[in-house]
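Visitor: Please take me through this model one question at a time, and give the cut-off behind each term when it first comes up.

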Amino acid sequence: MPQKKLIDGFNRFHDKYYESGEKLMEKLAKNGANPEFFIINCIDPRNGADLVFDAEPGQQFVRSQMAAIIPPYEADKRPEISASLSYAIDTKKIQHLIIMGHTQCGGVAALVDGTSDQYIKSWVKMAQQAKCTAESNVGTTDNEALLRETERQIVIMSLKNIMEYPMVKKAVQEGRLTVHGWLFDLEKGTLNEYQPDKGAFKQLSGQQQPPEQKKPAPPRRRPPPPAMAA
Ligand SMILES: [Zn+2]
């Protein structure tokens, strides 16, 4: 059965949250959830926020869109984004809105290297301005450097764009919402935050040193007891 992997996964989820411990899902079904966070991430299967943050049910809203691009606000356009934001911010009173891009992003590669797919093209072109900034920062000769810089610039552009959505702007002005721009580096295994005052990303967590500099892990098995004296 091709979907066996999913059913097995559902059964593990069921055991963990319906059968064990405090039976969290039963409580959430009865009382509803009051998440603190809303995370907007890319559709990439390696970077989903529930996976990356090892989330419990009810912990966070998650919205996935290619390259985690937030398009400029236009009234009466993209109601799906505005509706999600409005519900999370004004009804559920989240306190943190996080835009999380990631490295090795296929959507960013489509923007930088081009694509013949008309649907992808029409979405990623909304980050054209981020690509132009990246080109002026690192040039166009080193493609890998341009991809990494475009990934960073899309987070910065999206942070600026989301502040124009009325429900976000109002909540930030009233001091009940903080907006963050994060970048998950898939290759290095690090989480990085954009600091608008410094104009740079700062590592928040994750691998501090390259793996080869890590201390070797201690042996897992205890040494055998000394042989008994005859
Ligand atoms: Zn992506």
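Guide: A residue is called buried if 20 or more other C-beta atoms lie within 10 Å of its own, exposed if 12 or fewer do, and partly exposed in between, with C-beta atoms placed from the backbone. This is a predicted model, in which local features need pLDDT of at least 70 and side-chain atom pairs count only at pLDDT 80 or more, while totals for chains, interfaces and linings use all residues. Residues are numbered from 1 along each chain as its sequence is written.

Visitor: What percentage of the residues in the protein chain is buried?
Guide: The protein chain has nine helices and six strands, taken as DSSP runs numbered from the N terminus (helices H or I, at least four residues; strands E, at least two). Of the 230 residues in the protein chain, the buried ones make up 26%.

Visitor: Is A67 buried or exposed?
Guide: A67 is found in the loop between β2 and α4, and although A67 is not a glycine, its phi is positive, at about 65°. A67 has 29 C-beta neighbours inside 10 Å, so it counts as buried.

Visitor: And is D54 buried or exposed?
Guide: D54 is another residue other than glycine with a positive phi, near 50°, and its place is in the loop between α3 (49-52) and β2 (60-64). With 7 other C-beta atoms within 10 Å, D54 is exposed.

Visitor: How many of the residues of α1 are buried?
Guide: Helix α1 covers residues 4-19 and reaches 21 Å from its first C-alpha to its last, close to the 22 Å expected for its 16 residues, where the expected span is 1.5 Å times one less than the number of residues. After α1 comes G21, with a positive phi near 55°. The helix lies largely in the open, because among its 16 residues the number buried is zero.

Visitor: What separation do the C-alpha atoms of L28 and P57 have?
Guide: L28 sits in helix α2 (residues 24-31) and counts as partly exposed, since it has 15 C-beta neighbours inside 10 Å. Leaving aside residues up to four places away in sequence, L28 touches A33, P57 and G58, a contact being a pair of C-beta atoms, placed from the backbone, that lie within 7 Å. Although L28 and P57 are 29 residues apart along the chain, their C-alpha atoms are separated by 8.1 Å.

Visitor: Are α4 and α9 roughly parallel or oblique to each other?
Guide: Helix α4 (residues 79-91) and helix α9 (residues 166-173) have axes 9 Å apart and pack at an angle of about 25°, the axes being lines fitted to C-alpha atoms over the stretch in contact and the angles running from 0 to 180 degrees between N-to-C directions. Angles under 35 degrees count as roughly parallel, over 145 as roughly antiparallel, 65 to 115 as roughly perpendicular and the rest as oblique. The two helices α4 and α9 are therefore roughly parallel.

Visitor: How are α7 and α8 oriented, oblique or roughly parallel?
Guide: The axes of α7 and α8 come within 8 Å and cross at roughly 130°, in a right-handed crossing. On the α7 side the contact includes Q129, A130 and K131, and on the α8 side it includes A145, L146 and E149. The orientation of α7 and α8 is therefore oblique.

Visitor: How far apart in space are T140 and V112, C-alpha to C-alpha?
Guide: T140 lies in the loop between α7 (128-138) and α8 (143-162), and T140 is exposed because 11 other C-beta atoms are within 10 Å. Not counting residues up to four places away in sequence, T140 touches E135 and L146. T140 and V112 are 28 residues apart in sequence, and their C-alpha to C-alpha distance is 9.7 Å.

Visitor: Is α5 roughly parallel or roughly perpendicular to α8?
Guide: Helix α5 (residues 106-113) packs with α8 at an angle of about 115°, with the axes 10 Å apart. That angle makes the arrangement of α5 and α8 roughly perpendicular.

Notes:
Two residues are in contact if their C-beta atoms, placed from the backbone, lie within 7 Å. A crossing is left-handed if the near helix is turned anticlockwise from the far one by less than a right angle, and right-handed if clockwise.
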